[in-house]
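Dear colleague,

Please find below the structure that I am handing over to you, with its sequence.

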Amino acid sequence: MTPTSGGTPTATATPATVVHGPKRPGVPVLEARHLTKHFPVIQFGPASRRQVVHAVEDISLALPQGTVTAVVGESGSGKSTLARLLTQLITPTSGELLLNGEPVGTSGKARREYTRQVHLVLQDPFSSLNAVHSVRYHLERPLKLHRRSGRDELGSRVLELLERVSLSPASGFIDKYPHELSGGQRQRVAIARGLAVEPKVLLADEPVSMLDVSIRLGVLNLLDELREREQLAILYVTHDIASARYLADTVVVMYAGQVVESGPATQITDAPAHPYTQLLLSAAPDPQRTEPPVLRGRGSPPSLVTPPSGCRFHPRCPFAMAVCKESQPPAFTVAPDQVAACWLHEPGRSTDPDTATATSTATNSSTSPAEAAEATDAAPDATSGTSE
Amino acid sequence: MSTTLIAADPVLEVRNLCVDYGLGEDAVHGVTDATLTLRRGEVLGLAGESGSGKSTLAYALTRLLRAPGVITGGEVLFHNRPQGSATTETVDLLAADAAKLRQIRWSQLAVVFQSAMHALNPVARVDAQLTDVLKAHRKQMTPAQRRERAVELLRMVGISEDRLRSYPHELSGGMRQRVMIAMALALEPQIVIMDEPTTALDVVTQREILEELMQLRERLGFSIIFITHDLSLLIELADSIAIMYAGRLVERAGANELFHTPRHPYSLGLLNSFPALHGDRIRMEGIPGSPPSLTALPGGCAFHPRCAFAMDRCGSETPRLERPQRDDSSGNRKDGEERLAACWLQDGRQSPPAPLAIGLSAPAAERPGQGIPSQETPGHENHGLESQGLENNGLESNGHEITGSDR
């Protein structure tokens, strides 16, 4: 049990707009309001039949200073699209971005200012660095483009950047080419490039998934130090929920373009409220597990061209009820700072978020008896993580 | 999950296998002195980082290695006992001629390759690819029988019959991987080698495929060599695990043993590289530095530059893969499998540092005061779960003391 849910506050419906992300006093560095992105599907035929991929639907997210927000989801969940929307590499279909509380303008100048403050670190350091240029070139370029330093101090600025990402001695790295560096060192150079213009926000899209296991933690710890030391707001996009738990303050779980659950990192993994989060956790490798996990909600994510009605998870959900098919659940507060977009947590339906899943299966489930039994069996699992 | 195997007989024995890339002085040693035993029905996990030689080892023992890869020594004995046969014939795969290899490959020893998109033929339909192997190996089958078998295979891996006429690009990643598994199992092999079969897949799909695979193994009784870099997955999945580093096997142990009582600093470091899903959040350090290049291996133990416990000796002499001297649990282990580690710390001359001595018979007085900088095995403290319910593969009571003394 989380200490807070011991008193079992009744789940309450939150106001229409739920802003995900760590809660901190003051104005967040970067805030996204109702971000939506629909990609057109290119096809011939009458305009009325023109279809779109609903990649990101109505996401509001705030990234305060000195915090790490992890966005977790499977491929196709829209997590990378969200990161790209936040970099302004792609324009949202609707919704707005606020930098330091001010709406972001569209002029060239505003855009330049935005890219100075919000930087992206890409997944694959093997292809995000230019093979024919040295480390020095990669790090000087943003400094020159954003006119962050005079010509004479370029060299010292680059050395300083390398030291900041723990590549020392910096002078030993400055004239190396990407092929001379290991994967971890390359990713550090990519992060240093992101830091060159002293951004306030760092968006890291799967920054460690291409790296060797033994050096992943080094890069994650570096991000943690940057958060601590430079008070960066970091968005960490990943498919690995364990690393999200390790690094992040807040975890945002995405499914089929929507946020299904968000809350403090350990709370999300110890007491997941949304059936999809529970599914993700049960599928994640866990050496401490003694029994093979029971997957509740097999199958794969839906087509985002014609997403399911109501809750997008309902075709897979072991607890699906009639209401799930009809209307999309709003985000219900299930614990302090933790919200889940799931009808199971509608006030009045159930009082205890941890047992909600089990009880509602027995009564409302439209799934097969075997699955229902499975779910009841597995109900203790859902709480076991928290009871130790 | 790890089912306890009571002295199953070996199906594949690899002894002192050495593989080089290139010839002469400049040759890079891809695999050095690998010795492994795979038992019937066992899942053997091969873990290591990129460049550790785990795929090279798999390709060498199937003789699929391409130039400039050269097998320079050792032997690979395959104890062939085809379905329904009572006699076992031992074949040295490294000495076998092309005809013999053709007879064994796929029908007795199948491989599931890493990238299903690249391993499937993009211009051939699924049914063509499934029946092709039957056409080659089961000449007596009629086209109708072959088709029937293809349907059966697809159903076995959870794909419906109407996918037979699909091209690979019409299938999702998970389905392609399932087709690969179905193809590997088409001739009911005794050994299936899986090279990172689920690395590119989402966790839920990965879990589903692994579940199916384990059910199939239960039913068909094949052995699996499972190659991956994801040690946390392997601990759940495999019966025993071999850890590779820079072309050498550095530790070999039962899956649970390895998790609870690693004996090699590299295994310990790898275990500490996976953040846990439970318990307190503790800062973990992973392993400092990065894996060495095989063209410029450090002398002595290749791990010593990254090792927190390195001694003078580690830089000059290469440790052999041996039984830890103070490990007295080997006497009473059920599966007859020795646990091995290639580390000077375990040679009995000194007592190994605490994280590597869990469950060893070292005098208790020696344990405190061992300077263990920053390597305090975080994530291992919270073992309330295991000591209650876990079958401790041959570890017996030793395993339970861990939690107390570790702290």
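**Summary of findings**

In chain A, 66% of the contacts with a separation of 6 or more are between residues 24 or more positions apart. Please bear in mind that this is a predicted model. Chain A has 388 residues, of which 49% count as buried, and its secondary structure consists of 14 helices and 13 strands.

**Domains**

Two domains are assigned in chain A: domain 1 covers 16–43 + 50–255, and domain 2 covers 266–286 + 296–387. In the contact between them, domain 1 of chain A contributes 16 residues and domain 2 of chain A contributes 18 residues. On the side of domain 1 that touches domain 2, at least two residues each come from β3 (52–63), α9 (241–247) and β10 (250–255) of chain A.

In general, the strands of a sheet pair through backbone hydrogen bonds, in either a parallel or an antiparallel manner. Within this sheet, β2 (residues 30–40) of chain A runs antiparallel to β3(A), and eight bridges join the two strands. As for individual residues, A:Pro40 has A:Val52 in β3(A) as its bridge partner.

With kind regards

Methods. Residues are numbered from 1 along each chain as its sequence is written. Chains are lettered from A and ligands numbered from 1 in the order in which they are written. This is a predicted model: local features need pLDDT of at least 70, side-chain atom pairs count only at pLDDT 80 or more; totals for chains, interfaces and linings use all residues. Helices (H or I, at least four residues) and strands (E, at least two) are DSSP runs, numbered from the N terminus. A residue is buried if 20 or more other C-beta atoms lie within 10 Å of its own, exposed if 12 or fewer, and partly exposed in between; C-beta atoms are placed from the backbone. Two residues are in contact if their C-beta atoms, placed from the backbone, lie within 7 Å. Domain bounds come from an automatic or database domain assignment. Two strands pair if DSSP finds at least two bridges between them.
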